[in-house]
Amino acid sequence: MIGGALVVLAIAVGLVLNALRDSIVFFSTPQMVAEKQIPAGKRFRLGGLVEPGSLVRGDHLAVTFKISDGSNTLPVAYKGILPDLFREGQGVVAEGALDNAGVFKADTVLAKHDETYMPKEVADALKKQGHWKDDYEKAGKKPADEPRPMQGASR
Amino acid sequence: MIAEIGHYALVLALALALVQSTVPMVGARLHDPVLMNVARSTALAQLLFVGLSFLALVLLYVTSDFSVANVYENSHSLKPLIYKITGVWGNHEGSMLLWVSILALFGGLVAIFGRNLPLTLRANALAVQGWVATAFYLFILLTSNPFLRLANPPMEGRDLNPVLQDPGLAIHPPMLYLGYVGFSISFSFAIAALIEGRIDAAWARWVRPWTLVAWMFLTLGIAMGSYWAYYELGWGGWWFWDPVENASLMPWLAGTALLHSAVVMEKRNALKVWTVLLAILTFSLSLLGTFLVRSGVLTSVHAFATDPTRGVFILMILCIFIGGSLSLYAWRASSLKQGGLFAPISREGALVLNNLLLTTACATVFIGTLYPLGLEVLTGERISVGAPFFNLTFAPLFVPLLLALPFGPLLAWKRGDLLGAAQRLYAAGITALVAVAVLWAWVRGGSAFAPLAIGLAVFVIVGSLTDIAERSMLFRMPLGIALRRARGLPRAAWGTMFAHLGVGAALIGIVCESTWNTELISTLKPGDVAKIAGYELKLDDLGQRQGPNFGEMVARFTVSESGKVIGTMTPSKRSFAARAMSTTEAALLSRGFSQLYISLGDTAASGAIAVRIYHKPMVLLIWLGPLLMAFGGLLSLSDRRLRVGAPKPARAARALQAAE
């Protein structure tokens, strides 16, 4: 019986290692893309801010926009319906691959964050590159004239 | 005033929890029944005060008292009453209060129904509950107090996140927490058993009903969450392998294993050490789930909380409880006597295989969920582990599990007859092969995967029916006698059947939906017709409508099948002024177990609107499966052999079982 258990565990370890090699997706920002020379066709997640004014809607639900991290920008092409939370000037994560022309062809656009914060990867990446400003943090928040939560909170 | 009462009641509950976590344990050491009985009264009093505290928060929400920070941030005076109430747990502080309320509820239930438990076991178990409660009361009071006041009360609240303004919020979190927290009972009993150094079959009989209750609620909670995501997020997906979903799946897998190993322990007095370990692991995974969701450590829809002090606090709770319980286990487990030998081919052996595969599957989910975190800490590289990983690891482990599933109930305890079981499963095997052949012919040349997977599901379904048919001697005795025998079967046998049936049903739904799902994305103008899977959907008009705290754009579709109108669908897009957010309200139309699904996108300048239309075959089976599983759990729970805290000998019931 212990032998059987070991066999199952060995198979499971094999499956996990195999899957980890083939099916994980790395996260990059436009600057990392520029530095790393990611080959066309390799899938990754691209995160950053949607550059204001870059969103262009074409025919048949095709859209293009640019993702920026403050130092570099990368054009993104997507076909489909953008999520409710997609806005210019706000954080976004897209999954897909570069084509030969250097355009990021996204097949998924994620906006899995609510309005009060940015996708965590994006926030961290921007902080690391020193482009983190309070503006970004506030961009998703309420107008400044509203009382901020917890201010003057009494215990 | 109400906020202060709520706050004060919570502090009192903390004081009671401190008493409950020490006094009964001292009593158990000194064999002092008076001290031990303190556990009962404190557990009940704790329930009273936490209940009061929770009620206070509900009242604050209902009366829209915006001088309380938590209400201001998550409520709005125009919000419908139901969302004012459910908004209580639609945020971090309130949901933690719900967590401790449910913990106190379970503590109170043990105090009430645990009359015939051995006094020391009850005292120790309730003391462990007291520790858990203390940790979480401190967490709430120190880092996430829902009763904090604002110095300058605003006139209007900021409204609840619109995605959460849905009946799903009324059901999903309470169910999920009933599951998570319910496993604290088996944890407390396991720790109590380790402290006493004594554990027997009666222990399993007391623990099993509690585990079953928790498991049922967790099953329903996960299924409800999945259905909610399906219709609310507007992409028609029902499971994303999102870390937050995995956080609830892991305790479910471990809990399912625990449920099965407790059977072995109760009937055969075997696998004691393993069962205790599973009880600890299951609740540890529940705590881990709470940590993952509540600390905001992961990027996810659910992680509203992004405050590091909270994360560190929960991490400490996690380390103390998981580390402490596992150390205690390592130290004391050898004192638990092993008993009940069995051959590898036996009911016990089958249940061991079940446990092995379930826990391994759980481990793969664990790795897939935590590997990105670990990698980021070590190398700073960010990766995401998504569906492909889990399809390659989790799914292959479920194949042998499902193949072996119908054999389990047909094998005898102690030493089984694999050949005999296989013979009895002839019919199931043949039905499954016929299903594979028919489907293969029908899809012609498509991938072989779907017919095979459905064949497996059919095998599971017919296999679980076979068990009941065999036991009632259907087809071998006159129908009347067989029916009478079937009625006489223990309810637990019927429960097993329904639960296993649910597994097969869910698998069929999952395979059909993911293989034959059709999607159509296009832009439509009023009067346009979209065709999908034999249905014609005509966009009649676009209109505006005003809700209580939102405005919405509604599209009206007339759906017809071969020229006959079968219904209308009205998907809409709501915009909530208070948070400047919009949500997509998908429209669903069920045809049998299949569904048509429409969600709206943006409007173009020309007046056309982007729509996403899906036809999802057999999709309802995905959630019908878990419903059947939970129903099976309920039937088992109503079995008198399992009646909560009634350790009666099972002799009378066993006489009714078919001789095997």
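## Basis and secondary structure

Helices (H or I, at least four residues) and strands (E, at least two) are DSSP runs, numbered from the N terminus. By that assignment, chain B holds 21 helices and twelve strands. This is a predicted model, in which local features need pLDDT of at least 70 and side-chain atom pairs count only at pLDDT 80 or more, while totals for chains, interfaces and linings use all residues. Residues are numbered from 1 along each chain as its sequence is written, and chains are lettered from A and ligands numbered from 1 in the order in which they are written.

## Overall dimensions

## Nonpolar cores

A nonpolar core is a set of buried Ala, Val, Leu, Ile, Met, Phe, Trp, Tyr and Cys residues joined through C-beta atoms within 7 Å, where buried means that 20 or more other C-beta atoms, placed from the backbone, lie within 10 Å of the residue's own. The largest such core has 190 residues, and Val100(B) and Phe136(B) are among those with the most contacts inside it; helix 8 (residues 201-232) of chain B gives the most to this core, with 18 residues. A second, separate core of 37 residues includes Leu74(A) and Leu596(B).

Key. Buried ≥ 20, exposed ≤ 12 C-beta atoms within 10 Å, placed from the backbone.
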